[in-house]
Amino acid sequence: MKSIKLVNIKKSFNGEIILDNLNLTIPAGKFFALIGPSGCGKTTILRLIAGFEQPDGGKIFLGDEEITNLPINERHVNTVFQNYALFPHLNVFDNVAYGLRIRGFSRDVIENKVLKMLRTVHLDAHIYKSIAQLSGGQKQRVALARAIINEPEVLLLDEPLTALDPKLRERMLIELIDLQSKLKTTFVYVTHDHFEALTVADQMAIMNSDGEIEQIGKPEQIYEFPVSTFVAKFVGTTNLFKGVVSFADNVAEVSLGLSNLIKVYVPERKSWMVDGKEVFVSIRPEKILISKKEVEGFANKLQGTVEAIIYHGRSTQYNVRLSNDHVIHVFEQNEEHFTKEVIDYGDSVMLYWQKENAVLLER
Ligand SMILES: Nc1ncnc2c1ncn2[C@@H]1O[C@H](COP(=O)(O)OP(=O)(O)OP(=O)(O)O)[C@@H](O)[C@H]1O
Ligand SMILES: [Mg+2]
């Protein structure tokens with residue numbers, strides 16, 4: 001297992017700067033997810049690591065070795081591309097066996113390994129089909145099997161599950177996590193689906209549309225403590241309030257133009273956190289308790305009117321309009337149906353949450 005390090009990477013296409021002094025370290029032997037909006041440069045980063053593109057400036061390291069100018073076949077990196085890039089004239093078995101044949105394994109070893117791998121990706125019923133006879137999802141699984149069987153030091157995965165239906169995608173995600181923890185290969189997984197990234201990653205990075213890394217960290221750290229409004233909105237759903245802040249010790253009080261202030265716990269005062277500043281407060285919909293009753297023990301309480309109720313099966317979403325016309329989204333787990341408080345359209349409700357469950361963000 002090897003770490004990957006991109007140092008001051010610059011990359012332009014036809015005069016348009018895509019990556020400008022990008023610095024990124026991907027830890028060895030970890031499942032690393034890279035997410036960001038379409039066109040931000042995710043595939044470009046993978047192509048630079050694999051050697052299909054050359055940077056205009058900067059260096060790339062695999063472990064301690066600089067690989068910036070190394071040919072593709074000397075990098076010990078395998079890639080599963082967005083468009084699979086399979087050998088159309090070979091059948092499923094031969095596509096997967098290809099890398100092993102090149103490395104000179106015996107027929108028996110190849111057969112064993114390939115059949116085992118095809119079982120893992122649930123393709124054992126399609127071993128001798130030609131690529132043209134496969135569905136999109138099956139082709140994706142052949143591409144995965146073909147890359148993983150070579151046991152590369154680094155596996156780059158560019159949206160490898162997009163063609164799969166949701167159930168199969170979930171199963172393949174679990175298989176991938178399992179494979180990664182067995183192989184200890186460094187996985188770099190690119191997606192624009194934040195749920196996928198939160199599920200698979202030991203660590204994840206979020207890129208913005210300018211090709212910059214906004215935040216890097218563990219999934220729960222990023223979800224619970226986003227550092228910017230971009231991250232808060234890109235990873236999951238959130239409520240953003242705009243207001244003016246003042247500080248008292250580790251608590252920020254934000255005025256929204258409502259009768260009461262919003263309180264946010266601030267573990268450390270950053271330099272931009274000064275009294276009188278316009279800020280955003282981010283609060284996740286599932287952190288909010290909705291009730292028509294008075295509930296004790298919450299630092300924050302706002303009154304509003306229910307204007308939409310959307311049933312999602314495992315949860316229900318309430319859209320609640322405040323007196324300043326701001327609409328807050330609340331997700332409530334559908335735990336117990338019969339004793340649950342009944343909340344209806346038009347009801348006047350209270351919204352409660354703890355000051356530790358919100359995040360203060362710079363405007
Ligand atoms: N070979 C190329 N020639 C010219 N422009 C390119 C080339 N490859 C990528 N680009 C441009 O670079 C930018 C980043 O592309 P990239 O494929 O890395 O985005 P991405 O983050 O992978 O997007 P998506 O999520 O849609 O796959 C885009 O604006 C794209 O048009
Ligand atoms: Mg891409």
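Which helix gives the largest share of the shell around ligand 1? Before I answer, a word on the source: this is a predicted model, in which local features need pLDDT of at least 70 and side-chain atom pairs count only at pLDDT 80 or more, while totals for chains, interfaces and linings use all residues. Residues are numbered from 1 along each chain as its sequence is written, and chains are lettered from A and ligands numbered from 1 in the order in which they are written.

The answer is helix H1, residues 42-50, which supplies 3 residues of that shell; helices here are DSSP runs of H or I with at least four residues, strands are runs of E with at least two, and both are numbered from the N terminus. Around ligand 1 we find Phe13, Asn14, Ile18, Gly36, Ser38, Gly39, Cys40, Gly41, Lys42, Thr43, Thr44 and His192, where a residue counts as near if its C-beta atom, placed from the backbone, lies within 6 Å. By class, this shell holds 3 nonpolar, 8 polar and 1 charged residues, with Ala, Val, Leu, Ile, Met, Phe, Trp, Tyr, Cys and Pro taken as nonpolar, Asp, Glu, Lys and Arg as charged, and the others, Gly among them, as polar.

Let me turn to helix packing. The axes of H2 (residues 92-102) and H4 (residues 136-148) come within 7 Å and cross at roughly 25°, the axes being lines fitted to C-alpha atoms over the stretch in contact, and the angles running from 0 to 180 degrees between N-to-C directions. H2 and H4 are therefore roughly parallel to each other, since angles under 35 degrees count as roughly parallel, over 145 as roughly antiparallel, 65 to 115 as roughly perpendicular and the rest as oblique. Val92, Asn95, Val96, Tyr98 and Gly99 of H2 meet Val142, Ala145 and Arg146 of H4, contact requiring C-beta atoms, placed from the backbone, within 7 Å.

H2 also packs against H3 (residues 107-120), at an angle of about 130° and with the axes 10 Å apart, and these two helices are therefore oblique to each other. Here the contact is made by Phe93, Val96, Ala97, Leu100 and Arg101 of H2 and by Ile110, Lys113, Val114, Met117 and Leu118 of H3, which gives 8 nonpolar, no polar and 2 charged residues.

Finally, the strands. E9 (residues 203-207) and E10 (residues 213-217) pair in the antiparallel sense over 4 bridges, pairing being assigned if DSSP finds at least two bridges between the strands. Methionine 204 has glycine 217 in E10 as its bridge partner. The two strands, E9 and E10, form a hairpin with 5 residues between them, and glycine 211 in the turn has a positive phi of about 75°.

Key:
Contact = placed C-beta atoms within 7 Å.
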